[in-house]
Amino acid sequence: MRKYDIIVVGGGHAGVEASLASARMGAETLLITIDNDSIGWMPCNPSIGGPGKSQIVREIDALGGAMALNTDETLTQIKMLNISRGPAVWSIRAQADKWQYSLGMKRRLEFQDHLHLRQGTVAKLLIENERVKGVVTSDNTEFYADAVVLTAGTYLKGRIYISTWSAPAGRWAEPPANSLSNNLKEIGFKMSRFNTGTTPRIDKRSIDLSKFQEERGDFVPLHFSFWNEPKIHERQIPSYLGWTNEKTVEITRKYMNLSPSVMGIMVKTGPRTCPSMEEKVRWFPDKTRHQFFLEPEGFNTNEIYMQGMYMSMPYPYQTELLRTIPGLENVDIIRPAYVIDYDYIIPTQLNLNYETKLIEGLFIAGQPNGTTGYDEAAGQGLLAGINAALKVKGSEPFIIKRSEGYLGVMTDDILTKELFEPYRITPSHCEYRLLLREDNADLRLTRKGYELGVVEEWKFLKLVEKEKMIENIHQALESVALHPNNETLNKLKELGIGEISQPTKLFEMLRRQDFTKESLKALDPQFANYPDETLEIVETEAKYTGYIAREMNKAKEFLRFENFLIPEDLDYTMVPSLSKEGRTRLIQIKPQSIGQAIRISGVRPADIQMLVLYIKNLGGKDV
């Protein structure tokens, strides 16, 4: 059997990005997935992006990933969220045709050089001297490689439930990877279980849409990928906003004891950001009005996804519940809601490059790390794929720090913090939000990606052109000043801009709230030659100069601790005066730097002081 450089297990969002990344870096990559026709499938809601998630997607895009490009090609709706708030939390969210999205990803994989596809189920890993050597599929075929990236989604001993009925499955009608999960436990990985759920899919023809509030996309120039030009997407499908009522809650309360988590027949730990109807009624007993959205699943289907209506009660009772809502009195459910619980590997067993500490050459990404969401999975897959390729080449790992990207924040969070629920990224996780906006992800990361070999040259040249434009705009803003003569004052008044009393550079004008990029173009025609998106970046930097400088200073302080490395072979039992909990957590996680150690729950400031002193006495550098 042929040997590959890298084997990627699983063709979901993590597996897609992992295999594309390693192949683009020249590593001969084999992707083994249970069904080649469901590559990049969206088993839950048909959307990409949103707060925190869009920043992840843009960073994937900046590093040469496919998610944003594929979304631009298959979207059914696109809009910018949080525009009433600051640019730190502006977030694109798109809905996609899930069938076209999957086909688009499959096409990308099939035509990618150095990438090979095989349909099959991986049953176990081949391990020799604590190093991965390949995989064995369920039909006893062996495939060999120098590194393996495991992206098994919810398939590790997955089991789906609708009330008391259950069946082993990775997702509906697809078999789980029970043997692989058992094999990971035999190898010695510590594992636990989480759950997640999905909502009913209903027939559009059975809905009275006039009773819902129409939610349209933005018909202004937008795009998800930096490598596409912004355009108005004329072909968009509206979503619809609806609300539950007292009768809905009454029916939920009547049948909520039939939920499998309430009955105790499955694990209860799921994402709090996506509570089921049963959980909403339990958590908010006095509330009857809960919002949900009707989201079309594609252009050529009548299936509607009911975002916000997760449930696991019996099929007939799901219909009874939905028919309490005006507009759904005659609704037909095409696919019932269900929940699934599955094994995941406690992610503190990983290094920052997503390689396991237990088995050399084995990388894990996506839901097997205790995370949830397409975007988070794709981001981890990309980083795991890059680092697997670097591992095979004998190169240093690629690590994104918290101060460099949301990808760094997510990685650091799941590796250092105990997970009490499936991890989902939000802007609140990120302490450097103004520095790590979605609009500047290419400026932050694309050059790094090009140096790694994961970003194509034409993308790098486009970045260089953008950097030059920004430099030219800054030079023009600093070299041109407005003078308080009658002509200028009249023009400012005409534009709704307050007066000036002394010569003022355009950069200083741009810092004012009543002065925008549109004001620039109106006052000086040279600025009309630059793309609006580029001008917007400069405007954001101008208006938030003080805040950005403050965050940059914090980031520099942060790097002091990140760059204070902890020796890999440090014996924490020899560090004096550590607290019992602190010592236990440090031994368990084995942080790579003092910065990472600081963020470990249970490690106290006094523990950090003793650790720093001990390393310095061993000859380590000072903080």
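A residue is called buried when its relative accessible area is under 20%, exposed when the value is over 50%, and partly exposed in between, with a 1.4 Å probe and protein chains only. The model described here is predicted, and local features need pLDDT of at least 70, side-chain atom pairs count only at pLDDT 80 or more, and totals for chains, interfaces and linings use all residues. Residues are numbered from 1 along each chain as its sequence is written, and side-chain values use heavy atoms, with hydrogens and water left out.

A pair of aromatic rings is described by the distance of the centres and the angle of the planes. Rings of Phe, Tyr and Trp (its six-membered ring) are taken to pair if their centres lie within 6.5 Å, and planes under 30 degrees apart count as stacked, over 60 as edge-to-face and the rest as tilted. The structure holds 11 aromatic pairs. Among them, Trp227 and Trp458 are edge-to-face, with 6.2 Å from centre to centre and 75 degrees between the planes. This pair links distant parts of the chain, since Trp227 belongs to the loop between strand 14 (213-215) and strand 15 (239-243), whereas Trp458 lies in helix 13 (residues 457-479), 231 residues apart; helices (H or I, at least four residues) and strands (E, at least two) are DSSP runs, numbered from the N terminus. Trp227 is buried, at a relative accessible area of 6%, while Trp458 is partly exposed, at 46%. The pair of Tyr544 and Tyr547 is tilted, because the ring centres are 6.2 Å apart and the planes stand at 55 degrees. Tyr544, with 24% relative accessible area, is partly exposed, and Tyr547, at 48%, is partly exposed as well. Ring pairs also join Trp165, Trp172 and Tyr338 into a cluster.

Helix 21 (residues 605-617) has 13 residues and reaches 19 Å from its first C-alpha to its last, close to the 18 Å expected at 1.5 Å a residue, where the expected span is 1.5 Å times one less than the number of residues. Its buried residues are Asp607, Ile608, Leu611, Val612, Tyr614 and Ile615. These residues cover an arc of only 165 degrees around the axis, and therefore lie on the same side of helix 21, the arc being that of the directions from the helix axis to the C-beta atoms. The face turned away from this buried side carries the exposed residues Pro605, Gln609 and Asn617. Helix 21 is followed by Gly619, whose phi is positive, near 110 degrees.
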